Amino acid sequence: MNFLKNLIKGDYGLGKTFWVYGTLYQLIFSLIIFITFFFALDSIDKSLINYNQNPELIIKQIFSNINNFYATILVIELAILLIYTLIITVAMWRSASNNENWFWPRVVKVSIALSVVYYLYKLIIFLELFG
């Protein structure tokens with residue numbers, strides 16, 4: 001728990017927080033989700049999918065045919081990734097605030113701000129598609 005507390009406080013330095021905890025761990029989480037999604041798609045009976053329709057309807061049809069086991073695992077993995085992303089975002093912001101340099105802390109903060117705007121935009125599109 002001390003590790004998490006120090007991470008959130010930004011005590012590990014901007015470089016380590018950004019590259020190791022932010023980038024590397026996010027890539028590992030994403031790879032795990034990708035592998036789970038691959039197996040989930042592999043479990044679908046593709047003969048049930050009508051590929052001659054609107055791409056949005058194809059996506060909905062694919063997601064509605066995913067095995068409940070894989071769907072549950074994907075939801076859990078995505079929830080863990082979301083929580084971790086929120087924690088690491090706070091950690092990077094605070095790490096940037098603790099850094100005395102001028103350039104990289106500002107780059108990280110602008111990157112975080114742009115990412116938040118991007119993810120909110122994508123969330124709106126997702127909700128319109130599946131809502």
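Analyst: A residue counts as buried when its relative accessible area is under 20%, as exposed when that area is over 50%, and as partly exposed in between, with a 1.4 Å probe and with protein chains only taken into account. Ser97 has a relative accessibility of 42%, and therefore it counts as partly exposed. Before going further, please keep in mind that this is a predicted model, in which local features need pLDDT of at least 70 and side-chain atom pairs count only at pLDDT 80 or more, while totals for chains, interfaces and linings use all residues. Residues are numbered from 1 along each chain as its sequence is written, and side-chain values use heavy atoms, with hydrogens and water left out.

Ser97 has its place in helix H4, where a helix is a DSSP run of H or I with at least four residues, a strand is a run of E with at least two, and both are numbered from the N terminus. Helix H4 covers residues 68-98, and its 31 residues reach 45 Å from the first C-alpha to the last, close to the 45 Å expected at 1.5 Å a residue; the expected span is 1.5 Å times one less than the number of residues. The buried residues of H4 include Leu74, Tyr84, Ser95 and Ala96. Among the elements that cover the buried residues of H4 are H1, H2 and H5, and a contact here means heavy atoms within 4.5 Å.

The buried residues of H2, among them Leu14, Tyr21 and Ile33, pack against helix H1 (2-9), helix H4 and helix H5 (103-130). Because the 29 residues of H2 (residues 14-42) should span 42 Å at 1.5 Å a residue, the 40 Å between its end C-alpha atoms agrees with that expectation.

Seen as a whole, the protein has five helices and zero strands. Its C-alpha atoms fill a box of roughly 60 × 30 × 20 Å along the principal axes, and the C-alpha atoms of Ser97 and Glu56, 41 residues apart along the chain, are separated by 42 Å. Of the 131 residues of the protein, 21% count as buried, whereas residues 24 or more positions apart account for 68% of the contacts with a separation of 6 or more.
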